[in-house]
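Work through the exercises below with the sequence and the model side by side. Try each task before reading its solution.

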Amino acid sequence: MFPQDPIILLSYVNTKLRDEYSSLDALCDDLDADREELVRRLETVGYTYDEDKNRFL
């Protein structure tokens, strides 16, 4: 369901967070995604989730 390439994944997740979800937890719950795995995959390319901005930076 999620893109395999981490940079494309970053774009996909940030777009979903911006347009459809109020938090990473809401996105993961709705899409049945493992939050820790998603965070880990994006950390491998230097991005972390910012709760205040509701996006990966």
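The model is predicted.

**Exercise 1. The overall layout**

Task: State how many helices and strands the protein has and in what pattern they follow each other.

Solution. 
Step 1. Count the elements: there are three helices and two strands.
Step 2. Read along the sequence, which gives the pattern α-α-α-β-β.
Step 3. Check the overall size. A compact globule of 57 residues would have a radius of gyration near 10 Å, and the protein agrees with this because its value is 10 Å. The C-alpha atoms fill a box of roughly 25 × 25 × 20 Å along the principal axes.
Step 4. Look at burial and contacts. Of the 57 residues, 37% are buried. Among contacts between residues at least 6 apart in sequence, 49% join residues at least 24 apart.

**Exercise 2. Helix 1 against helix 2**

Task: Decide how helix 1 and helix 2 are oriented to each other, and list the residues that make the contact.

Solution. 
Step 1. Take the angle. The axes of helix 1 (residues 6-19) and helix 2 (residues 24-31) come within 10 Å and cross at roughly 105 degrees.
Step 2. Apply the cut-off: angles of 65 to 115 degrees count as roughly perpendicular. Helix 1 and helix 2 are therefore roughly perpendicular to each other.
Step 3. List the contact. Helix 1 contributes Tyr12, Val13, Lys16 and Leu17, and helix 2 contributes Leu24, Leu27 and Leu31.
Step 4. Sort these residues by type: six are nonpolar, none is polar and one is charged.
Step 5. Look at Lys16, which is in helix 1. Lys16 has a relative accessible area of 18%, so this residue is buried. Apart from neighbours within four places in sequence, Lys16 is in contact with Tyr21 and Leu27.

**Exercise 3. Helix 2 against helix 3**

Solution. 
Step 1. The axes of helix 2 and helix 3 (residues 35-43) come within 10 Å, and the crossing angle is roughly 120 degrees.
Step 2. By type, the contact residues are five nonpolar, no polar and two charged.

**Exercise 4. Aromatic pairs**

Task: Find how many aromatic pairs there are, and describe the geometry of each.

Solution. 
Step 1. Recall what is needed: a pair of aromatic rings is described by the distance of the centres and the angle of the planes.
Step 2. Count the pairs. Rings pair if their centres lie within 6.5 Å, and by this rule there are two aromatic pairs.
Step 3. Take Phe2 and Tyr12. Their ring centres are 5.7 Å apart with 85 degrees between the planes, and the pair is edge-to-face. Phe2 is in the segment before helix 1 and Tyr12 is in helix 1, so the pair ties together parts that are 10 residues apart in sequence. Phe2 counts as buried at 16% relative accessibility, whereas Tyr12 is partly exposed at 26%.
Step 4. Take Tyr49 and Phe56. Their ring centres are 5.4 Å apart and the planes stand at 55 degrees, so this pair is tilted. Tyr49 is buried at 16% relative accessibility, and Phe56 is buried at 1%.

**Exercise 5. Val45 and its contacts**

Task: Which residues does Val45 touch, not counting residues up to four places away in sequence?

Solution. 
Step 1. Val45 touches Pro6 and Ile7.
Step 2. Val45 and Pro6 are 39 residues apart along the chain, and their C-alpha atoms are separated by 7.0 Å.
Step 3. At 31% relative accessibility, Val45 is partly exposed.

**Exercise 6. Positive phi angles**

Task: Say where Asp32 and Asn54 are found, and whether each is buried or exposed.

Solution. 
Step 1. Asp32 is not a glycine, yet its phi is positive at about 55 degrees. Asp32 is in the loop between helix 2 and helix 3, and at 72% relative accessibility Asp32 counts as exposed.
Step 2. Asn54 also has a positive phi, near 50 degrees. Asn54 is in the loop between strand 1 and strand 2 (55-56), and at 12% relative accessibility Asn54 counts as buried.

Key
Residues numbered from 1 in each chain as written. Predicted model: local features only at pLDDT ≥ 70, side-chain atom pairs only at ≥ 80, totals over all residues. Heavy atoms only, no water. Axes fitted to C-alpha atoms, helices over the stretch in contact; angles between N-to-C directions. Helix = DSSP H or I, 4+ residues; strand = E, 2+ residues; numbered from the N terminus. Parallel < 35°, antiparallel > 145°, perpendicular 65-115°, else oblique. Contact = heavy atoms within 4.5 Å. Nonpolar A, V, L, I, M, F, W, Y, C, P; charged D, E, K, R; others polar. Phe/Tyr/Trp six-rings, centres within 6.5 Å; stacked < 30°, edge-to-face > 60°. Buried < 20%, exposed > 50% of the residue type's maximum accessible area, 1.4 Å probe, protein only. Rg over C-alpha atoms; globule rule 2.2 N^0.38 Å.
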